Amino acid sequence: MGRTAARATPPVASGPRAGQRRTAKPSLRLRSGDTLALDGKKRDWEALAAKLEGGGGLEYYAYHKPEGVACTTDANDRRSLRRAPALKKLFAGGKRVFPAGRLDVDSCGLVLLTNDGAAADASALQPSSKLDKVYEVELDRRAADDDVAALAAGVEIATPLQRGSKAEKTGKRCPATRRGGGRRWLVVTLAEGRNRQLRRMAEALGYEVTSLRRVAFGPVSLGDLRPGTLRPLRGGRDAVILAE
């Protein structure tokens, strides 16, 4: 008596929003954040796609983003990471590379780059992760001792509910820690990383941030990495998702 093979159900792809569930056909193009399930089990399609497209598997880098470069991969944006001289090889041949741990266009410093979409979207890298991020901040003038203390205690600011949204939520943000520097130059550690958080905190106290550089993101530090250059991350994926 021959054996009967169980018939597999068609693969199903789902987008990040409700109602985007579709049967996956050969012509369907998946994007970062989509999930693929076969027989009810989630498949790590992004890792496979990276290997097929890049030939070298998954890659992880620390990048010293200069001011003026936007944390976007939009080919139509002249400030895009795609146009940064040191990153052109990463994007060559249509490779998919994602920034993890974004910075404002007018800020500089450490940004993590990877072709591993799952790592880039990891919850450890989201603003609410409570993961320490260290910044060097220059103010437009010397800060009074009381204002430095207020900054360390946590300043009540309004932040957009999501990037690009006009809706705002007012609340006391996680406190910053002053570790050194002069009264004009501060080294600040944040357990969050909300949109323009440090700039908004300084503004609430009557100051303007004239320079902001991120020098560490969890266990990954900028070190002596020059602006506009990158280096491979030791520890690979674990360094990016930080042992989530």
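A charge is said to sit over a ring if NZ of Lys or CZ of Arg is within 6 Å of the ring centre and within 35 degrees of the ring normal. This is a predicted model, in which local features need pLDDT of at least 70 and side-chain atom pairs count only at pLDDT 80 or more, while totals for chains, interfaces and linings use all residues. Residues are numbered from 1 along each chain as its sequence is written, and side-chain values use heavy atoms, with hydrogens and water left out.

**Exercise 1.** Find the ring over which the charged end of Lys133 sits.

**Exercise 2.** Decide whether Val69 is buried or exposed, and list its contacts beyond its neighbours in sequence.

*Solution.* Begin by placing Val69, which lies in the loop between β5 (60–65) and α2 (88–91), where helices (H or I, at least four residues) and strands (E, at least two) are DSSP runs numbered from the N terminus. Next, take the accessibility: buried means under 20% relative accessible area, exposed over 50%, and partly exposed in between, with a 1.4 Å probe and protein chains only. Val69 counts as buried because its relative accessibility is 13%. Then come the contacts (heavy atoms within 4.5 Å): setting aside neighbours within four places in sequence, Val69 meets Tyr63, Arg79, Leu81 and Val105. Finally, the C-alpha atoms of Val69 and Ser80 are 6.2 Å apart, although 11 residues separate the two along the chain.

**Exercise 3.** State which helix gives the most to the lining of the largest cavity, and how the lining residues divide.

*Solution.* Helix α4 (residues 145–153) gives the most, with 3 residues. The lining divides into 8 nonpolar residues, no polar ones and 1 charged, where Ala, Val, Leu, Ile, Met, Phe, Trp, Tyr, Cys and Pro count as nonpolar, Asp, Glu, Lys and Arg as charged, and the others, Gly among them, as polar.
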